[in-house]
Structure formats: structure tokens, C-alpha cells
Amino acid sequence: MLEASRCLHCKNPMCVTGCPVNIQIPEFISHIVEGDIDAAAAVIAKDSSLPAVCGRVCPQESQCEGKCVLGVRFEPVAIGKLERFVADYEHAKEGGAAKAEVAAPNGHKVAVIGSGPAGLACASDLAKWGYKVHIFEALHKAGGVLAYGIPEFRLPKDKVLQKEIDEVTALGVTIETDVIIGRTTDIDALFDEEGYEAVFVGTGAGLPRFMGIPGENLSGVFSANEFLTRNNLMKAFRDDYLTPIHAGRKACIVGGGNVAMDAARTALRLGAETTIVYRRSEAELPARKEEVHHAKEEGIHFELLTNPVEIIGDENGWVKGMKCIRMELGEPDASGRRSPVPVPGSEFVVECDTVIMSLGTSPNPLIAKTTPGLERTRKGGLVADEAGATTRPGIFAGGDAVTGAATVILAMGAGRKAAAAIDEYIKAKQ
């Protein structure tokens, strides 16, 4: 309440425009000041179906808090932590969080492919408006990247994520797991045989990228995607699970984003001495400052201005080291960041028995390949307009499946925009 009382309640609240789902931030904060947490939760619920998740994993410093007027001279209001508090308070109540209002059934069916943040946000909005929504999830657990990509220590799955998914299903949304659209069935069958009037594709970006250097096929080389998925879905973070996961004695994580920090901190918890190898300097690290701070605090070593050129194996085909070269920063590239340039003759070997590549991910091509009329961009994302409409009528898409790997809250914002576009599309057909 003390932190909430710092809010200035600006006439033109930039924090709201900085939020991809436009939560009415001053309004929910004013309810906290009054001590009415239920009312604060009701305000957040109008625009966000995953407040306990967003309060933990959103990059608030570049979104809502980054736009806070107080932040110009002082610390911005801790909007993310206030949102997390409200959500956790509601979950801890007897009977759980208050249920959102749901309109009477309107007789229309919509299919959502993928139960990640984009799919859950789209499904929850449509359900609130009276649509019968069915989510198809390829894995055995709902949640998408929230379930398999974010470590347990940052986002507890049973205590936090599952409770928020339960709130989406409480709206009437059904979730069916172990269904791979493009293999188990396809989008044409959803329209023609199952009677869905629109489909939202929120399949994320789960296709890992590699460097293409010698030795990447050695045993002990993983993508961060595989490493984190094994850790999460196979519960390697619990001592009572004998998960087949190899963290090794010394692990090198290649990359500098949030996923690299997650992989490094996970490997550390599994017993590995961990080093992050990144080709630019600390100033260019794409990860959140908070994540870098936590990684350093936990004892993770940073090998900056360094780039791998080869992974070295032993006689049994297992990693035993990684040959790297020192880099220096040259002229800025198209994004404005200074391009790293190799320093001739500066090669050296880092001893390690595990290498985890965290170089970004691309959208899975399966749905585009099995759905006639669905176009992809050069980078593999589905072609979609601002509202999420794809090149085929009735099919909408959003989140990482369109943009490539981005943030949870941006995916949620795309899911909500697509829900509004689906609502318009179905109403226009009547």
C-alpha cells in the first residue's frame, strides 16, 4: 500500500500505453491504496488473464515502469511487483480469485492452436464474449513457453502457472493436450469436419537456431530450448525425479538473452560450473538487467567479447572444450548496436563438457506447410496484419508464431488483438 501510494495518477498515464495489453494501471493501484485488493484484481482481469505470470516475467523496465513519470528523477512505481502481489493475494484466498464475467453462449465455435500466452489470452477474451473455445496443445502439459521455457525458480508451475490456466478453463475454455495440428489433424479438418468458424494460431517459436560451427553434433551440445524443456516438463528441478538431463561439470551457454540467463542459472542449479559466452560487451547484452544481476550474484562467469569457432570433442564423441576467439566492437549494425569483429590470432580454448546454444528460435514450419493459402515471412513467421488476420480468411495468428521469439506480454497483446478481430470476422458473416 505504501508503494502504491507513490502513484501520481497522471491525467495521461503513459504506463498504460507502455503496457502491451493496456491494463488500467492507475485504477488498479488506487484500489490497492484503499485496501480493496479484490477490486484491484477485477481491474487487472479486464485486460490480463495471466497477472501472476506477468508480474514475474514481464520486462516492466522497458514497458509500463519504463514510461512511469516518477522514473525520470526517482524510482518508478513498482508496477510489476504490485500486479504480482494482487494476483498472489487473490490465489491465496479461500475459493481462489474472483471469476470474470462471462457472456451467455453465442453459439459460435473457435479453435485455438497452442496454449502459450498468445493462445490463452485469445481464448479467455473470446470465452468472456460467449464463444465456445477449444485449445489444441501439442505437448502433454498446457502453458506453452510458460510451462517448458521459463525455469521453476522464476515461475513456479503448480503454485502460479496452473492456477492461472485453471482460471482460463473456468471461463468455459477446454484444453486438449497431445494434439499436433498438422499431424494428428489439420486446420482444414477443424473447419470442414469439426465446424469451427475461425482458428487462432499461437504455436510460438520452438525451432532452435545453431551457429553452424564444427562440433555442434557432439554429445553434450544442446539447444537452450531442449535443455529448459527437459528441466521443466521432466521435473529435473526436483530431487525425487531421475530426469535424463546432462548439465556436466562445466557448462558453457552461448548467447546473451533472457533465455541464456535462464539456461545458465538452471545449469548452475543442476551442479555445473557455468560460463556465459557472448560476442558483444555487457552494455549490449539483450537480457534484462535484473536477470544479468541475478546471474552474477549466483556466481555465473561471463566471458564477454568472445565468440565460439569450434566445439572440441574427445575420442568418444563427447564435448571436452570450446575453441573461441576474442572480439572487438566495430561500427554499428542496422539495429544500432556495434558489430563484433574478430581479433586475429586471439583464439583460446574454454574447458567444458556441456555447451548450450541460446541463439534465438524460429517458428515451427509445420502448420504453414500443412495449410494451403497460409504464407510465411522470410524468417519463417506467419504473415499476419496488425489485427492478426493471415493470408487465409478465417485463420488468425499472433505472438512468436508471427514475430519470432519475443516477450510473454507482447504475445498476450497479439492474442487479445486477434480475439477482437475474430469477433468482428464472425459477426460480419452473420
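Predicted model: local features only at pLDDT ≥ 70, side-chain atom pairs only at ≥ 80, totals over all residues.
**Helix over sheet, helix on helix**

In general, strands of a sheet pair through backbone hydrogen bonds, either parallel or antiparallel. Here the pairing is parallel. The sheet is open and has five strands. Read across, the order is β6-β14-β7-β8-β9. Which strands sit at the edges? They are β6, residues 221-223, and β9, residues 301-303. Each of these two pairs on one side only. From one strand to the next, the twist averages 25 degrees.

Let's zoom in on one pair. Strand β7 covers residues 250-254, and strand β14 covers 354-357. The two run parallel, and four bridges join them. Take A251: its bridge partner in β14 is T354.

Next, a helix pair. Two packed helices are described by the angle between their axes and the distance between the axes. Our pair is α2, residues 25-34, and α5, residues 79-92. Their axes come within 11 Å and cross at roughly 60 degrees. Angles of 65 to 115 degrees would count as roughly perpendicular. So α2 and α5 are oblique to each other. The crossing of α2 and α5 is left-handed.

Which residues make the contact? From α2, they are I25, F28, I29 and I32. From α5, they are I79, L82, E83 and V86. By class, the contact of α2 with α5 has seven nonpolar residues, one charged and no polar.

How values were computed: Residues numbered from 1 in each chain as written. Heavy atoms only, no water. Axes fitted to C-alpha atoms, helices over the stretch in contact; angles between N-to-C directions. Parallel < 35°, antiparallel > 145°, perpendicular 65-115°, else oblique. Left-handed = near helix turned anticlockwise from the far one by under 90°. Contact = heavy atoms within 4.5 Å. Nonpolar A, V, L, I, M, F, W, Y, C, P; charged D, E, K, R; others polar. Pairing = 2+ DSSP bridges.
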